[in-house]
Each structure stands twice: as structure tokens, then as C-alpha cells.
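Please read the following points with the sequence and the model side by side. Each point takes up one topic.

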Amino acid sequence: MTLVAAGYWLASWLGDQLLLLEQGMDSVVWPQPGLALAAMILLGWRVWPGVLIGALASEAWRWRTTLDGMHWLPPALGVAMGVLAQTLLGAWLMRRYFGRRNPLDSFGQCIAFNVIIVVMTLLGSLIGTASLYFSHLLPQKELVSRLCLWWLCNGCGTLLFGSLCLNVYHQGRSRQSRDVWYEMLAYFGMVTLLTAGLFVWWHPTVDTTYPLDMLVLPLVAWAAFRFTTREVLMALLLIMWLALWGTSHGGGPYLGYSAYSTLVILQTYIGILTLVSLGVSALMSEQRKIKAELSQQQERLEQQVRIRTLALEQSHAEVLALSRVDPVTGIANRRCFEESLDGEWRRARRLGASLGMLMIDIDFFKLYNDHYGHVSGDYCLREVAQAIRSSVRRPQDLVARYGGEEIICLLPDTAEDGVIYVGEAVLEAVRELQLPHAESTVAPYVTISIGGACVLPRDVADSRQLIEAADRELYRAKQLGRNRIIVAGQDQRAADDS
């Protein structure tokens, strides 16, 4: 409360020192009601005694040389009560309609904010002029003119300084890029030069009095389009001070009028600039906010699209993987084998490498199913397939279910010796399972027969010849008693060795 009272009195004293057109007149605008409103909104109702004490102290300071004794108390108290009433009303309306939001974030809120300022300052001006009238310090014939003058001073000051305080609070510290700072520096330099040229350096005559004061409107619009409301209000303060200083020193377009008329014209000019600037700035702030929300929504939608695309790709990969795996054995299916064979065949033909293959069949598997049942048959098939896959160790080798109880192994870059080596390892791995097979005439456990083949794709027209060669050797292995491996060309090589 003490700080609010001191701040109110200091703002009133600075306004009397810096915002006077001539000595003995009221200030062009009053900064203290705007500071009181901002303090009431931001700090809460508990600071109302500080507003009252500050207003009473500033009015006592103003009337100290005019009235003797304690005659200053009734008019000072009346004006202070008017300031308190308008501050309480404005704070209540602001909290009801805006809450903790910035009232200048949208064009609709800006209109409501301006209406609240007009209503509250009218109430305070009525109470203040009435107190002067009933204290016999204001003649009846000057009542309306003084009311209008006070209302302009009060309303313009509350609108300008109250808006500045609220925006500084809501927007916080300015974080701009270096280019924006350069643009702001250039902008305020242009505002200073143009306003000084119109109100300080230009001394019009009766024949050269033109309404050039409206030339600052494009600059204010520039600030509204490019910067925030805070920069707009700072530009308005700069324009107001230069216009006031230039007019009081004999420059500008308002020469030739009486002091009272010049004061009213200046107040009207500042009020119009402020209303237009705040409206345009609020409209642009609303547009930027909508654009930012649309950008965020677009980013969220793009993120959701990316997530769903990844999920679809993952699902597609899972479906594709499932479509290439045999559900019973857990190894690759025939489709996967045919695709791999096609790719490895082209690669081996291009590089001149050999391609080996093992065709494997479980001995007497039909009798196994008939004796143990199809559930046990599936278990046997799965165990045999996993044993074969564990025996084929290279990453590029493929073990797939070819059909029924037949399993095929594709062995890239493998010569005949390698085919025999892998086939024997597979044969031994299945034997080590020791799966009981009561109906087998070969052994009391499950065994397999293997036919192997190896070709150079450059010398063979079609990959089917490799499959047919391995299948023929499988048939030979079954004819020769099963539970063995026979590789194409193995007998010829043995004869040559002999």
C-alpha cells in the first residue's frame, strides 16, 4: 500500500512536470489513474488504501498553494474518492470480463477494455468535478467544460498508461532476434524524426496550416503489424511527448488556437491515436495468435500422421513378416523361399558363384501322424525344423518349409563339399533329438533323408533345375534305405577317386 501510494504521488508529480502545456493548466494526460488501475488489477483489492492515500496526497500537494489552512481537504478528499471509485469499478469490471488475461489480446476484448475505461473515468471525473463544485472552487458555468477536460485527461491517461503497465506485465521481457531489434531501432528513429518534424521544427503560418499530424498513423500501423502492443504504446508515448514539447515551444500544426483549445485538441489527438493504435494492435495480436494456434494444430496433425504412418509401416512389416513365416514350424514358408531363391540365383549368376540346396524329408512321417496324432506330428515337425535351422549357421543361408513334411535349405556361395558338410550336420542334429518313432523301420527315433545339389547359375538356364536335382537325390536317398544324405555328383566323384 505504501509503494502504491508513493507511486501514485510520484506519477502525479512527474505528470505535472513533464506533461504540461502551460503553467497553471492541467496536464495533457494523467498517468496516475492508469497506474492505480494496473496496481489494483495485478495486486488485488488490498491495495485500495494505497490508491486513496496517494490520490489524497497528490491533490493536497496540488492545492497547497491555493487554499489556506485545511480548506484543501474537502476538494482533495472528493477528488481522491472519485479516483478510488473509478479504480474499484474498473478493476471489478476487468476481473469480471477478462480475469487474468491480457485485455488487449483480441479485438473484441480491446473494444470492451476501451468501454470500461470510458465508463470508469466518467464516474471519477463526475465525482471529482462535483466535489470542486460543492467546495465552491468551480463556477457553475465552467462545470461542463471542466468535466470534459477532466474526462479527456483521465481517460487518455488511464487508457495509455494502464494499457502499458498491463502489457508489460503480461508480455514479460522482450526476447527478439537481432534483426527485429534493428528494425525496432529504425522504427523509433523514424517516429522521432517524423514527429519532431511535424511538432517541433515545423512552424506553419495561417496559409500553411495543414492536417499533417495524421501522418504518424502509418507509423503506428507499422508498429501494430510488425511488433507487439507494448512497442505500439511506447511509440505513442514518444509521439505524445514530442507533440506536447513542440507545441509548448511554438511549433506544430496547433498554433493559433487558445491555450484551452490547444489542450483539448492535443488530448483528442492523443486519444484518437491511442484508440486506433490499440484496436489495430489487438486485431493483429489476435491474428498472430490464431496463426500460431493453426501452426500448432498443423504440427500436431503432422506428428499424428507421422506416428500413424510409422504404426502402419510397422504393422505392414509385421504382416509381411508373418506372411513369410510358416505358422507351424516357425521357419520361412515357401513364398519366402521362392523370393530368396530368385534373388540369390540372380546374384550368383552375376558374380559367377555356386548355389547349393538341401531337400529334406522326415522318414515315415505319415505313419508318425497316424500313430501319435496330428498334434504330436506338428510338434515333431517343429522340433525337426528348429534343429535344422540351428545347424545351418550362416546368416545368408535359408531354411524353409517347402510343403508337408519337406524342408528345404538354400545355401548361397556353397560348393559341393559345403553342401555335404551342412547336410551331415543337419542329419546328425535331427538324430540327436531322439524323438520316438515306433512305426519307423529305419530307427526307433525320428530320422530324415536328404538330397543335395550344387550348380553354377551361369551354366544352368533355370533355378528349377537345382530344385529338381535336389529332389532326385532325395528320392535316391529314400530308395537306398533313408536316414542318409546323397548329393548330386557324389557317386561320380567317389568313382573317380577310386
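1. The patch covers about 680 Å² and is formed by Leu 10, Trp 13, Leu 14, Leu 18, Trp 61, Trp 241 and Trp 245. Two elements each supply two or more residues: helix H1 (2–18) and helix H9 (229–248). Helices here are DSSP runs of H or I with at least four residues, and strands are runs of E with at least two, numbered from the N terminus. A patch joins residues with over 30% relative accessible area and no salt bridge; nonpolar side chains (Val, Leu, Ile, Met, Phe, Trp, Tyr) are joined within 5 Å, and like charges within 9 Å. A salt bridge is a side-chain nitrogen of Lys or Arg within 4 Å of a carboxyl oxygen of Asp or Glu. Accessible areas follow the Shrake-Rupley method with a 1.4 Å probe, and for residues only the protein chains shown count as cover.

2. The model is predicted: local features need pLDDT of at least 70, side-chain atom pairs count only at pLDDT 80 or more, and totals for chains, interfaces and linings use all residues. Residues are numbered from 1 along each chain as its sequence is written, and side-chain values use heavy atoms, with hydrogens and water left out.

3. Leu 18, in helix H1, is partly exposed, at 49% relative accessibility. Buried means under 20% relative accessible area, exposed over 50%, and partly exposed in between (1.4 Å probe, protein chains only).

4. Ser 391 belongs to helix H13 (residues 374–391). Its relative accessible area is 15%, so Ser 391 is buried. Apart from neighbours within four places in sequence, Ser 391 is in contact (heavy atoms within 4.5 Å) with Ala 425, Val 426 and Ala 429.

5. How many disulfides does a search of the whole structure find? The search finds 0, a disulfide being a pair of cysteine sulfur atoms within 2.5 Å. For Cys 153, the nearest cysteine sulfur is that of Cys 156, 7.7 Å away. Cys 153 is buried, with a relative accessible area of 0%. For Cys 409, the nearest cysteine sulfur is that of Cys 336, 13 Å away; Cys 409 is buried, at 0% relative accessibility.

6. An unreviewed UniProt entry lists transmembrane regions, including residues 35–57 and 232–248. UniProt positions are given in the numbering used here, feature names are shortened, and annotations may be inferred rather than shown by experiment. Residues 35–57 are 83% helix and 0% strand, with end C-alpha atoms 15 Å apart. Residues 232–248 are 100% helix and 0% strand, with end C-alpha atoms 24 Å apart.
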